[in-house]
Amino acid sequence: MALAQPEPGGVLQGRIDPRNEPRSGPLRGTLATTACMETLQVGYLHAVAAAAGCSLSQPFPDNGIDWQVSHGAPEHVVDDEVTIKVQLKATYQIAPRPPGPTFAFTLDNEHLVKLARTPVAVHKILVVMLVPREREQWLSAGHDRLDLRHCCYWTNLAGHPVTGRRRTTVRIPTTRIFDDRALCEIMTRVGSGGTP
């Protein structure tokens with residue numbers, strides 16, 4: 001039995017319409033960039049939740065909040081499992097490593113009202129992902145890692161006023177990188193009766 005050998009240059013080499021310009025990378029699907037950004041940030045959230053030991057659920061039907069994240073620990077005071085709601089947003093219009101203590105992000109007022117409501121039974125956070133403009137720069141994989149680019153930042157907008165007519169600009173702290181440690185700290189504060 002003969003084993004098939006990989007074709008030099010990959011399976012698609014020589015089979016792409018010669019009228020097209022040569023590609024510098026793999027043939028990517030035609031799904032809209034915004035839809036792909038949404039999928040990427042969901043993957044980021046899943047990775048963070050997994051590393052933090054949290055479970056995820058998605059409201060159905062969607063009521064304006066993307067995800068619920070739950071964290072169980074016997075050390076929690078208010079309950080043995082606490083939950084927060086997470087609204088995800090992504091943009092390629094802000095460069096990585098924004099300078100200064102915050103960066104500006106604009107929300108529809110309808111979303112802001114939902115995120116700013118106070119008091120609440122279940123706390124909410126906004127998670128904003130900054131992504132490269134080009135999809136081929138979104139991730140890289142090696143034998144020892146999978147890098148997603150660029151970064152997610154989080155904030156609690158409880159009590160934030162609506163200032164714009166249809167949209168309001170909010171400030172996202174650059175010190176609040178959303179990773180597994182940040183999520184565990186958020187859940188610890190909520191589990192002790194505090195805010196994110």
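Predicted model: local features only at pLDDT ≥ 70, side-chain atom pairs only at ≥ 80, totals over all residues.
I started with Cys-54, which counts as buried because its relative accessibility is 13%; buried means under 20% relative accessible area, exposed over 50% and partly exposed in between, with a 1.4 Å probe and protein chains only. Residues are numbered from 1 along each chain as its sequence is written, and side-chain values use heavy atoms, with hydrogens and water left out.

**Entry: cysteines**

I searched the whole structure for disulfides (a pair of cysteine sulfur atoms within 2.5 Å) and found zero. I then checked Cys-151, which is in no disulfide either: the nearest cysteine sulfur belongs to Cys-152, 6.6 Å away. Cys-151 also counts as buried, because its relative accessibility is 13%.

**Entry: helix α1**

Helices (H or I, at least four residues) and strands (E, at least two) are DSSP runs, numbered from the N terminus. Just after α1, I noted Gly-53 with a positive phi of about 75°.

**Entry: helix α3**

The 12 residues of α3 (residues 180-191) should span 16 Å, and the end C-alpha atoms are 16 Å apart. Asp-179 caps the N-terminal end, with a side-chain oxygen 3.3 Å from the backbone nitrogen of Arg-181. I listed the buried residues as Ala-182, Leu-183, Ile-186, Met-187, Val-190 and Gly-191. They pack against α1 (33-52), β2 (67-72), β3 (81-91), β5 (124-130) and β8 (151-155), where contact means heavy atoms within 4.5 Å. Gly-193 follows α3 and has a positive phi, near 95°.

**Entry: the largest pocket**

I looked up pockets (on a 1 Å grid over the protein atoms alone, an open set of points where a 1.4 Å probe fits, with protein on both sides within 12 Å along at least five of seven lines; lining residues have an atom within 4 Å of a point). The largest pocket has a volume of about 580 Å³. Of its 25 lining residues, the closest to the centre are Gln-41, Leu-88, Lys-89, Ala-90 and Phe-105. Which element gives the most to the lining? That is α1, with six residues.

Key. Expected span 1.5 Å × (residues − 1). Polar contact = N/O pair within 3.5 Å; in protein donor to acceptor, adjacent residues only side chain to side chain. Points joined across faces, edges and corners; volume = space filled by probe spheres on them.
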